[in-house]
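I opened this one up for the first time today. Here are my notes, in the order I made them.

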Amino acid sequence: MTYALRRRLNSAAVIIGFFVVWELACVIFHIKEIVLPRPSQVFETLWLQAPAIWPHTVQTLYTTLVGFALGIISGVLLGVLIGSSRLAYDTGYPLLIGFSSIPKVAVVPIFVLWFGAGTVPAVLTAMIMSLFPIVVNVATGLATTEPELEDVMKALRATKLDILFNVGLPRAMPYFFASLKVSVTLAFVGTVIAETVASNQGIGNLMMIASSSFDVPLVFAGLLVLALLGVGLYAIFSLIEGRVIGWARRKDDAGFA
Amino acid sequence: MNEDAPPFVHLQDVRLTYGHGDRTVEALGTTNLKVGKGDFVALVGPSGCGKSTILKLVTGLIPASAGWVFVAQREVGAEPVRVGMAFQNPTLLPWLTIRQNVMLPLKIVPPFRQQYRAKKKTEFRDRADALLEQVGLAGFGDKFPWQLSGGMLQRASLCRALIHDPQLLMLDEPFGALDQFTREELWAILQDLWLTRRPTVLLVTHDLKEAGYLANRVCVMRARPGRIVEDCAVDFVRPRTIEMTYEPGFVSLTQRLRELIVSARAPDAAVESAA
Ligand SMILES: Nc1ncnc2c1ncn2[C@@H]1O[C@H](COP(=O)(O)OP(=O)(O)O)[C@@H](O)[C@H]1O
Ligand SMILES: [Mg+2]
């Protein structure tokens, strides 16, 4: 307990230290606020402009979560398909890798063409950004079942579905949750890209407008909001992960949250 | 065993070749084996001689390349025979407790499968606990696999192989990774389980003492291609004990088995005289 507490205090100190060093560096080297605002300015902007920033925050969070949810659903389905069928593996994997190599910013205009500017392209961009790690991890988790365990199951005349639900999916859970933590941050990236290119709402759009009027502290305030949202969601998923798949970590480990 | 009763397991002129094209391995040459219902047969031989392959054939995990595999007078796969399997690696599921692991077959095998929802909290649970107690794991039902030692995991794995009252029990070097004392303890437990439940057992082992202690028959195999070269009856009285393994009769059996295996490993000429 005291060890966990000390670990937490240490990490808090380092994070606060980071902002202090940043602040001091700006003061000592006389860095202009248009180049790099001081953290205190950023926080001040965040505080003063909160009423203006808030709706954008809600919009970005909403878009990200919807896109992420769609990403999870389609990612798990695709992962199960690829992980349990030879043919799907052979055809699906190359397609997936090809698709994920495309810069997503190039895809946004296509979504805009199809669905018009606004929330839908942002949701879809968040979805495809978060898709790839989920598919790969679920498929990997399914594919790593020990052959002997499979023999035990087959000797019991277990059906493919029996094996999937009793062995495959539980075994894939740690991989799945590891991918969720990565994917949720990618979903944010996707949302912000789309908002920057083609939306009149959201933190991405806010930062676009702020930077075109050289309001650099507001740009940084937007970045800070994104970082906080990302950390918050990461922490939530770590917590769920700890609850659901504690078995994969064995004994006690304070973990992230 | 009754000589006239039809065999429960019957391999008739079975051959098995792995792979296809020009990269084939002839794992089993023409092999014949009959095992009576409730019998206990051990398969011994150098590694790669096809012992695991025989188990897989009898379980229907792989089809024979030639010949027939019958279980309970029906071609394997067609018959609704319950099978239990255990390997050297206990392969328990790490996210389930020991009891849940043991109960896994009940979730899958009919007729238990249909009753699983209703009975898993009461009858099936008691059944698992009774079996765990029989192998010396009373009170460990709620533990997770990582909390148990290798010997304990192997006991649990035996329970999982037996919980659904299999007619056929397939054991592939189940005690191979354990120390001598744990191994001997588990021999006694397995003998008990066999005497009370009487499944038909095929046991693959490297340990000749283990084969002599547990089995009614020991089949010695040789490799390339795999085949059975000798079938020794073992008729010491049951229940057998560790002390018995030091008696002259037992020692001369294991010595004979050892010679058979050594000659099976040697170049062909020596083998033909043994076979
Ligand atoms: N899936 C497989 N594919 C190709 N060859 C195999 C396969 N399984 C086993 N073999 C080969 O068949 C032979 C017999 O294997 P196995 O039955 O596992 O031997 P044992 O259990 O007696 O050690 C070995 O030479 C092995 O290399
Ligand atoms: Mg083997």
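These entries go from chain B as a whole to a charged patch and then to one residue of chain A.

Ground rules: this is a predicted model, where local features need pLDDT of at least 70 and side-chain atom pairs count only at pLDDT 80 or more, while totals for chains, interfaces and linings use all residues. Residues are numbered from 1 along each chain as its sequence is written, chains are lettered from A and ligands numbered from 1 in the order in which they are written, and side-chain values use heavy atoms, without hydrogens and water.

**Chain B overall.** I looked up the secondary structure and got nine helices and 10 strands (DSSP runs: H or I of at least four residues for helices, E of at least two for strands, numbered from the N terminus). The C-alpha trace spans about 60 × 45 × 40 Å along its principal axes. Of the 275 residues of chain B, 53% are buried (under 20% relative accessible area; exposed is over 50%, partly exposed in between, with a 1.4 Å probe and protein chains only).

**Charged patch.** I found B:K107, B:R117, B:K120, B:K121 and B:R125 together in a positive surface patch (members have over 30% relative accessible area and no salt bridge, and like charges are joined within 9 Å; a salt bridge puts a Lys or Arg side-chain nitrogen within 4 Å of an Asp or Glu carboxyl oxygen). B:K120 sits in the loop between α3 (112-119) and α4 (123-134) of chain B. Why does B:K120 count as partly exposed? Because its relative accessibility is 34%.

**Over to chain A.** I placed A:E150 in helix α7 (residues 147-155). A:E150 is partly exposed, at 28% relative accessible area. From A:E150 to A:V167 I noted 17 residues in sequence and 8.7 Å in space, C-alpha to C-alpha.

Methods:
Patches are made of residues with over 30% relative accessible area and no salt bridge: like charges are joined within 9 Å, nonpolar side chains (Val, Leu, Ile, Met, Phe, Trp, Tyr) within 5 Å. Accessible areas come from the Shrake-Rupley method with a 1.4 Å probe; for residues, only the protein chains shown count as cover. Lys and Arg count as positive and Asp and Glu as negative; His and the chain ends are not counted. The place of a charge is taken as NZ of Lys, CZ of Arg, CG of Asp or CD of Glu.
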